[in-house]
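Load the model, colour it by chain and keep the selection panel open.

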Amino acid sequence: MSDTFSLSRRRFIASTALGAAAAATGTIAMPAVLRAQGAPIKIGVLQPVTGPLSYSGTQGQLGAMLAIEEINAAGGIKSLGGAKFDAVVGDAQSTPAGGTAEVEKMNAAGVSCIVGGYASGICLATTQAAARYDLPYVVDVGVADNIVTRGLKNTFRFGPGFGVIANAALENLVTINNNAGKPAKTVMIVHEDSLFGAGLAKLLNEKLPTQGFQVLETISHPTPTRDFNTIVLKIKAQNPDLVIPANYYNEYVLLARTMQQQQVKPKGIYSVLGGAASSYKFVKEFPEAAKGIMDCNHWFNPLSDKAQALKKTVEAKGQFFTYEVYLNYACIGLVADALERAGSADRAKVTEALASSTWANHIMPYGPTKFVNGQNEGAAPCNTQVQGNDIKVILPAKFADAKPMFPVT
Amino acid sequence: MKSFVPVALVIVALAVLPLFVQSNVVLNFLVVTLMLALAGQGWNILGGYGGQYSFGHAIFFGTGAYVTAILQVKYGVNAWLAFGCGMVAGAVVGTVVGWLAFRAGLRGSYFALVTLAFAEVLRIVASVAPITGAGVGTLVNLDMRFSAMQFQSRAVFYWLILSLVAAALIITWLIERSRFGAWLIAVRENEDAARALGVNALTVKLGAMVISGVVTAAAGCFYVQYFLFVDSHIAYGTWISVEALLTPIIGGAGTIFGPLVGALVVRALGEGALLITGHAPGLDLVVFGMVLIAVVWFSPSGIIGLRKTLLGKFRRPAAEVRRG
């Protein structure tokens with residue numbers, strides 16, 4: 001007892017002396033000592049919660065905050081004495097300039113890491129703003145390939161980039177068609193005219209003929225487009241086996257609804273990063289138009305109990321379980337794992353721990369993380385299909401909870 | 001404004017600011033504010049002094065930004081040279097658009113609409129053209145060297161943008177004092193009367209458009225060097241056209257310091273509203289909008305004109321008493 005007491009007293013004196021020394025050496029040294037005693041770890045949650053991207057930003061923020069609440073409730077970061085996350089929330093205002101200003105504020109607030117950004121344009125600006133301070137940054141969505149090809153040591157992307165998604169989409173389309181006995185031979189592509197849609201259309205036009213598909217027509221349209229009647233009439237006239245749309249949410253919904261109204265029923269609708277095809281909102285609001293649509297997109301692991309529990313939590317809040325939610329939720333988990341292994345909230349150590357991450361206990365169908373130049377090599381999209389008013393994973397087989405229904409008609 | 005002293009004093013006061021302010025948050029705020037003030041000063045020369053209200057100053061901002069970025073990324077041109085080329089490109093666009101619009105005799109809302117249309121056309125072209133990187137945009141590589149016009153310290157960026165703002169202030173001051181400035185104001189007040197007195201309205205307006213284009217393009221060039229990324233929405237989006245006209249109108253169109261004051265007030269209001277409302281998304285914008293309405297309501301001639309407005313309010317009753 002006396003031993004315990006004397007040890008405690010020694011510890012007390014030592015810690016007091018350390019504290020005094022830290023106070024004397026200035027404010028920079030203080031957080032390190034306080035963190036050793038389980039002081040909160042500041043983490044930046046950066047999302048475009050106002051402006052044109054506000055819906056996605058709000059969803060992303062929801063996912064991040066749910067993860068932070070969960071980690072804090074489970075006792076925080078154990079290796080840091082149960083240190084809790086203290087979220088420093090920032091609004092990128094849907095612009096790179098807004099995002100950069102928030103990075104400056106977060107750096108001044110002393111965050112250990114930033115998660116988010118959402119849009120590629122914002123991520124490109126915010127990651128390099130954070131790089132000035134060697135501040136680790138985990139990109140949640142931003143699919144532009146150059147986010148991780150610039151050699152920024154502080155930048156990590158947990159999810160897949162555009163190149164990986166486009167290639168997987170092509171491979172999976174061929175697999176689905178081959179497994180069904182090659183019912184689809186002709187294709188029409190309807191795409192929006194920025195690089196997302198136009199780039200994808202170009203890639204498909206190059207690769208599809210080599211896989212035995214004939215591209216009947218490629219139709220581009222601007223965003224926004226508010227009338228798809230002419231485009232759908234063209235589709236009806238050409239009568240392709242497969243329609244491949246590449247556009248954003250509103251246009252996607254309008255195209256699918258117009259096809260339903262004009263009773264255009266191809267053997268399948270197959271999209272890549274389809275604005276609405278992997279959206280529970282679309283399925284709930286327009287179940288008939290959504291029926292049978294396939295998409296290659298970000299998706300959670302449906303076989304994960306944690307993912308299903310999170311889905312229930314999000315839905316109980318009256319929100320849709322969108323990819324922004326679970327990607328941000330997973331990214332916070334990735335940072336928590338890195339902090340746990342780093343045993344320190346020091347930025348350089350967190351960056352090092354992220355770079356060597358082999359985190360497997362997550363809700364995404366990626367397997368253990370492995371970062372090469374900041375990109376998680378295991379990250380891959382899933383192929384989903386709307387079946388029975390629900391969205392099911394049909395590929396990759398390892399994570400599938402349903403078989404592809406193809407041809408639909 | 002006859003004397004150069006106020007202009008010099010403001011420039012010196014702003015130049016010494018980083019010696020007292022070390023916070024990067026504040027410096028970043030000031031850099032972006034000065035960048036918007038520069039874009040606004042460009043608009044002010046054409047709109048404030050010349051009375052030609054453009055709704056599409058993004059054409060200059062975007063062209064400056066894209067030329068700076070593309071020359072560096074695709075052609076390996078030195079950043080400083082690319083910056084200069086961006087400004088020249090602003091002058092070229094100003095000449096072309098100005099010549100087309102003014103030759104066609106477009107004035108007032110028609111001129112505003114045609115500039116807006118030009119900006120939209122350029123935005124759509126930039127969103128599909130391979131040279132601009134189409135939808136993905138153009139990314140300038142991070143290379144923090146003086147030769148690449150990238151600096152580790154935010155203070156250096158601050159001094160760079162301040163020197164551009166200072167140059168724009170001096171240009172505006174010179175215009176105000178010059179014969180060209182008098183012609184420009186004459187065209188603004190009554191173009192037909194000015195023409196009747198022998199002012200070549202087309203040349204004067206075209207001259208203002210070119211100077212305006214160079215100044216606003218410089219803001220676009222700076223944007224690229226600071227954020228190192230540009231896409232069609234940033235370059236030619238309506239946001240910058242609105243910012244470029246909002247800052248001088250709030251501050252005081254047709255005055256030397258109008259855009260600078262306007263940019264400071266607008267940005268400070270935005271940040272202040274954010275501090276007051278905390279993290280409630282969008283609430284800061286509501287507060288910001290309400291304060292903005294109040295400012296415009298009570299001082300339609302801008303903040304610079306507030307003194308006159310207030311003096312007028314106090315003096316009017318006395319004048320009325322005398323009349324009665």
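Which residues of α12(B) are buried? In this predicted model, select α12(B) and look for Ile240(B), Ser241(B), Glu243(B), Ala244(B), Leu245(B), Thr247(B), Pro248(B), Ile249(B), Ile250(B) and Gly251(B). They make up 10 of the 14 residues of the helix, so α12(B) is largely enclosed by the rest of the structure. The helix itself runs over residues 238-251 of chain B. From its first C-alpha to its last it reaches 20 Å, close to the 20 Å expected at 1.5 Å a residue.

Next, show what covers those buried residues. The cover includes α3 (24-49), α4 (58-75), α6 (108-128), α10 (201-227), α13 (258-277) and α14 (283-298) of chain B.

**α3(B) against α12(B)**

Keep α3(B) and α12(B) on screen and hide the other helices. Two packed helices are described by the angle between their axes and the distance between the axes. Here the axes come within 7 Å and cross at roughly 70 degrees. An angle of 65 to 115 degrees counts as roughly perpendicular, and α3(B) and α12(B) are therefore roughly perpendicular to each other. On the α3(B) side, select Leu36(B), Ala37(B), Ala39(B), Gly40(B), Gly42(B), Trp43(B), Asn44(B), Gly47(B) and Gly48(B). On the α12(B) side, the contact is made by Ile240(B), Glu243(B), Ala244(B), Leu245(B), Thr247(B) and Pro248(B). By class, the residues of this contact are eight nonpolar, six polar and one charged.

**Past the end of α12(B)**

Step on to Gly252(B), which follows α12(B) and has a positive phi, near 140 degrees. Gly252(B) sits in the loop between α12 and α13 of chain B. Buried or exposed: how does Gly252(B) count? There are 24 other C-beta atoms within 10 Å, and the threshold for buried is 20 or more, so Gly252(B) is buried. Leaving aside neighbours within four places in sequence, its contacts are Gly258(B), Val261(B), Ser301(B), Gly302(B), Ile303(B), Ile304(B) and Gly305(B). For a distance check, pick Val88(B): from Gly252(B) it is 164 residues away in sequence and 27 Å away in space, C-alpha to C-alpha.

**Where chain B touches chain A**

Bring chain A back. The contact takes 25 residues from chain B and 28 residues from chain A. On the chain B side, α3 and α6 are the elements that give two or more residues. α3(B) provides the largest share, five residues. That side divides into 14 nonpolar, 10 polar and one charged.

**Chain A**

Along its principal axes the C-alpha trace spans about 90 × 40 × 40 Å. Of its 409 residues, 53% count as buried.

Finish with the backbone of chain A. Most residues other than glycine have a negative phi, and most peptide bonds are trans.

- Lys182(A), in the loop between α6 (162-179) and β6 (186-192) of chain A, has a positive phi near 55 degrees.
- Asn389(A), in the loop between β13 (382-387) and β14 of chain A, has a positive phi near 55 degrees.
- Leu395(A) and Pro396(A) are joined by a cis peptide bond, with omega about 0 degrees.
- Phe406(A) and Pro407(A) are joined by a cis peptide bond, with omega about 0 degrees.

How values were computed:
Residues are numbered from 1 along each chain as its sequence is written. Chains are lettered from A and ligands numbered from 1 in the order in which they are written. This is a predicted model: local features need pLDDT of at least 70, side-chain atom pairs count only at pLDDT 80 or more; totals for chains, interfaces and linings use all residues. Helices (H or I, at least four residues) and strands (E, at least two) are DSSP runs, numbered from the N terminus. The expected span of a helix is 1.5 Å times one less than its number of residues. A residue is buried if 20 or more other C-beta atoms lie within 10 Å of its own, exposed if 12 or fewer, and partly exposed in between; C-beta atoms are placed from the backbone. Two residues are in contact if their C-beta atoms, placed from the backbone, lie within 7 Å. Ala, Val, Leu, Ile, Met, Phe, Trp, Tyr, Cys and Pro count as nonpolar, Asp, Glu, Lys and Arg as charged, and the others, Gly among them, as polar. Axes are lines fitted to C-alpha atoms, for helices over the stretch in contact, and angles run from 0 to 180 degrees between N-to-C directions. Angles under 35 degrees count as roughly parallel, over 145 as roughly antiparallel, 65 to 115 as roughly perpendicular and the rest as oblique.
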